[in-house]
Amino acid sequence: MQRIRLRYTKRGRLRFTSHRDFQRAFERALRRAEVPMAYSAGFTPHPKVSYANAAPTGTGSEAEYLEIQLVERRDPERLRKLLDESLPAGLDVVDAVEARTSGLADRLQASVWEIRLDGVGAEASAHAVEAFLAAAEVQVERRTKNGMRAFDARAAVARLEADGCEGDRPDGKACAILRLVVRHLTPAVRPDDVLSGLRATADLAPPVPAAVTRLAQGLLDEETGTVTDPLAPDRDAATAAPSTAAGLSAAKAPSGVSPAVSGEGTA
């Protein structure tokens with residue numbers, strides 16, 4: 001068995017696809033690309049695909065992750081290209097590594113989000129960010145299947161910054177960009193919860209819906225507030241493996257004979 005971990009995107013209009021829609025599209029792509037998938041047992045076998053922390057419907061993403069299990073070995077980069085060609089534009093497979101470590105889901109500790117607020121100026125967004133960060137607690141409400149639920153949106157925010165982008169629109173209207181790092185806690189705090197918190201603490205109410213994009217997710221460095229690549233440990237393990245194998249060969253070779261020629265002269 002071989003496990004491959006993939007990073008994919010949701011761009012443009014494809015940000016409005018639900019997670020279920022993506023699952024169906026991805027399973028079709030697996031069939032088109034003739035990927036030798038492992039299947040679950042039982043009366044209704046399903047391809048062994050593990051999805052991790054999917055972004056909410058309506059948000060874009062540059063950093064969605066999943067893992068697939070194969071019954072035959074494949075080159076990860078070749079597999080990535082085949083799957084990318086088999087998916088619609090906007091659902092793009094941009095990275096692939098062989099799984100050499102455990103716990104991919106455990107590494108997804110936080111997400112980096114970009115929130116574009118059209119019609120909001122730099123001064124207003126900076127004031128709202130300052131008020132939000134100064135609060136010890138920011139209670140917000142969200143409707144769930146069990147009704148309205150109140151929770152603290154402030155505790156999950158590791159970092160929040162505001163930048164102005166006046167004049168970059170064709171009509172010259174103001175806009176603001178918020179960059180947000182959110183810890184993955186329970187209950188999950190989403191970008192729209194933070195926007196609700198900004199409305200509660202500073203009366204920030206964008207005139208049009210915000211455009212939200214996840215830029216990254218992975219391990220969180222609490223000191224710097226940065227998020228690191230969750231596939232890096234697998235790459236590091238792949239790089240270390242050849243070196244380890246070479247070292248073992250050298251250790252087993254007879255004294256004074258190199259591994260490359262230790263078998264010469266045998267029949």
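Tyrosine 8 and phenylalanine 22 are both buried, a term applied to residues with under 20% relative accessible area, whereas exposed denotes over 50% and partly exposed the range in between (1.4 Å probe, protein chains only). The structure is a predicted model, in which local features need a pLDDT of at least 70 and side-chain atom pairs count only at pLDDT 80 or more, while totals for chains, interfaces and linings use all residues. Residues are numbered from 1 along each chain as its sequence is written, and side-chain values use heavy atoms, with hydrogens and water left out.

A search of the whole structure returned 3 aromatic pairs. Rings of Phe, Tyr and Trp (for Trp, its six-membered ring) are taken to pair if their centres lie within 6.5 Å; planes under 30 degrees apart count as stacked, those over 60 as edge-to-face, and the rest as tilted. The ring centres of tyrosine 8 and phenylalanine 22 are 4.1 Å apart and the ring planes lie at 5 degrees, so this pair is stacked. The pair links distant parts of the chain, since tyrosine 8 belongs to strand β1 (residues 2–10) and phenylalanine 22, 14 residues apart from it, to helix α1. Helices (H or I, at least four residues) and strands (E, at least two) are DSSP runs, numbered from the N terminus.

Phenylalanine 22 also forms a stacked aromatic pair with phenylalanine 26, with 5.7 Å from centre to centre and 20 degrees between the planes. These two residues are separated by about one helical turn, because they are 4 residues apart in helix α1. Both phenylalanine 22 and phenylalanine 26 are buried. Ring pairs join Tyr8, Phe22, Phe26 and Tyr51 into a cluster.

A cis peptide bond, with omega about 0 degrees, joins threonine 186 to proline 187.
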